[in-house]
Amino acid sequence: MSCLKEIELNGKKFSIETGRVAKQAHGSCWVRFGDTVVMATVVGAKEPAENPDFFPLTVDYREKAYAAGKIPGGYFKREGRPSENEVLVSRLIDRSIRPLFADEFLNEVQVMVSALSADKENDPDVHGITGASMALLLSDIPWAGPVAGVRVGRVRGQFIANPMHAEIEQSDMDIVMAASEDSIVMVEGEAQEISEADMSAALRFGHDVARQLIAVQKAVAAERAKPKRAIAPVALPQGLEARVSAMITEPMRRFLQEADKQTRHESLKQLQDTTVASLQADFPESETIIAGLFHKVEKQLVREMIVNHNRRLDGRTPQDIRDITCEVAVLPRVHGSCLFTRGQTQALGVTTLGTKIDEQKMDELEGEYYKSYMLHYNFPPFSVGEIRPFRGPGRREIGHGNLAERALKAVIPNEGVFPYTVRVVSDILESNGSSSMATVCSGSLSLMDAGVPIKDAVAGIAMGLIKEGDKTVVLTDILGDEDHLGDMDFKVAGTAKGVTAFQMDIKIEGLSQELMAEALERARVARLHILNIMNQTLAKPRPEISKYAPRIVSIKIPVDSIGLVIGPGGKSIRDIIERTGATIDIDDDGTVTMASVDPEAVSMAKDIIQGMVAEPEVGKIYKGVIKGIKEFGAFVEIMPGREGLLHISEIEHRRLNRVEDVLKMGDQVEVKLLEIAEGGKLKLSRKVLLPGGSGAPPQRRGN
């Protein structure tokens, strides 16, 4: 027997059903909203993983093509590697549920969420969060949930829970959040320069909705949840923890005073190796356990230093921001570039301008569309002094790139104002925390250096949190180690006017509204400080794009003239491209876009196309080319693809026996359009332009 519980949300039924599918998984359910359905399953290993140095949780979100009534493209006609969107949703779910597993629980857990039906109105992603929570709650896996996923939009001043795609397009914010009954666990989204107060209000609204969804989960769990298995405590060799603590506490305290990241890490690594070696005889095969104890002491000392002494690893106070330098135009042949350095984090941002053919085609469940703005983030191993294989972008790189892309999206001009495809690439050259926010800053300045008319500069900052008992400290501009050893990583980006993107991850069970508001206000102050430094480097976009960037001109032609410009089999447009060297793209609505690094090539292509689609005017003089000769006259091309008849009697005032006595193939000749006859036939005259002709220009008289 299945168990089904439902409520009404935003005018639609929201339901959770279990006991119907995937019954051999340790927990499974269907979540439905409208006609969008996701299935979530979880399986947990019965025994802890051997010597894990992190919690072995795997979350995979996949979209079935059949969910939207589609057959996958490509040769194999089946789903392949995860798309960027699937990776991003997997990260959303992972970050929502991971903080609620106990530190002592080290069994491998796999969560799988599948979009089985997509109504193209309701996005499955937030329901994947709720589904994963429900599956975990139903299973015997120990977990401190439930949580619920909610998307918040705002249209005409009214908040909307889980808005449809059409409503999101009208909304000035798109927030995805996960929350427990008491606190917020995860936040990510973008906005159109909203205030911190508006963001806090949106989160309060979303939290209220999340509580409704949690109530549904609890109702299902009350009937079907399995008893939770006990967590077996990790047995430590007797006396080991005390020995390790006594050996490393004081030297570690000294090493943590070292501000330079590499020096600090090398000293700590040497201390750990020395500790393992000295205890090897008494505690053989305990290297992994000692490493865990080493991390425990390090975390305790760092947090103690911040909470009790108001001092951070690099000597700053909680509110201080690291030194910042900005340099633009650092690469001579690219379209726009910026080298942004904040402490030991450095991002090289480069902007490239392309044409319409450079747009990225996106094939999602809601349909196909094209992206004319994109940002890609690269994190090479040398940026943290490591050696590892450098393959395609991983989940972290895709996630960081997406966050930075959304941060800048609000200021990118629309196609009507700036008809370019814009690609920003961020190469992280050094990293010690908040490289995604450094990407926002370097990307913003590189866009301005490229002459992209962005509305305003955008900066980003990462906020942290240390919570020890009743004491809490909010940290501004966190280091990598403060992210690793702290309780929160809250990234906020925006302009001087407001917030454009945000992402929050926490390691404690949740964050109160009051702490969230404090972190947002601190982030606002820090953002304005960084924007001031950036504006001293480049306060506004350059008035002209780079001379190495393509020049783009768009014109509109009649829809029924598109075929004329393209020509049979594309002959005409290929000829124009070969003659001018310009790139030409024609939309179905008659918009013709021409691009070339050479402005003259664009101008030439524009003149040719305008000439092809222009309508002949009676009485106008044209310079044409002889395209054909007959006994009765010559055919003259006065406009691309438009020929008229120059009758033999209209060539000269005198009588001619043969056209060839005056004209030959390929000659250029000035003619006047006398008449447009029935069927669009053009009648031309040359003789009226000759001396003595009625259409001839007036003769200049001598003195």
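## Surface and charge

The protein carries 86 positive and 100 negative side chains, where Lys and Arg count as positive, Asp and Glu as negative, and His and the chain ends are not counted. The centres of the two sets lie 4 Å apart, each charge being placed at NZ of Lys, CZ of Arg, CG of Asp or CD of Glu.

## Basis of the model

The model is predicted: local features need pLDDT of at least 70 and side-chain atom pairs count only at pLDDT 80 or more, while totals for chains, interfaces and linings use all residues. Residues are numbered from 1 along each chain as its sequence is written, and side-chain values use heavy atoms, with hydrogens and water left out.

## Overall dimensions

Taken along the principal axes, the C-alpha atoms of the protein fill a box of roughly 120 × 65 × 50 Å.

## Interior

Of the 703 residues, 52% are buried (under 20% relative accessible area, with a 1.4 Å probe and protein chains only). The largest nonpolar core has 133 residues, and F101, V187, F490 and M534 touch the most other members. Such a core is a set of buried Ala, Val, Leu, Ile, Met, Phe, Trp, Tyr and Cys residues joined through side-chain atoms within 4.5 Å.

A second, separate core holds 27 residues, including V244, L268, I290 and L313.

Methods. Buried < 20%, exposed > 50% of the residue type's maximum accessible area, 1.4 Å probe, protein only.
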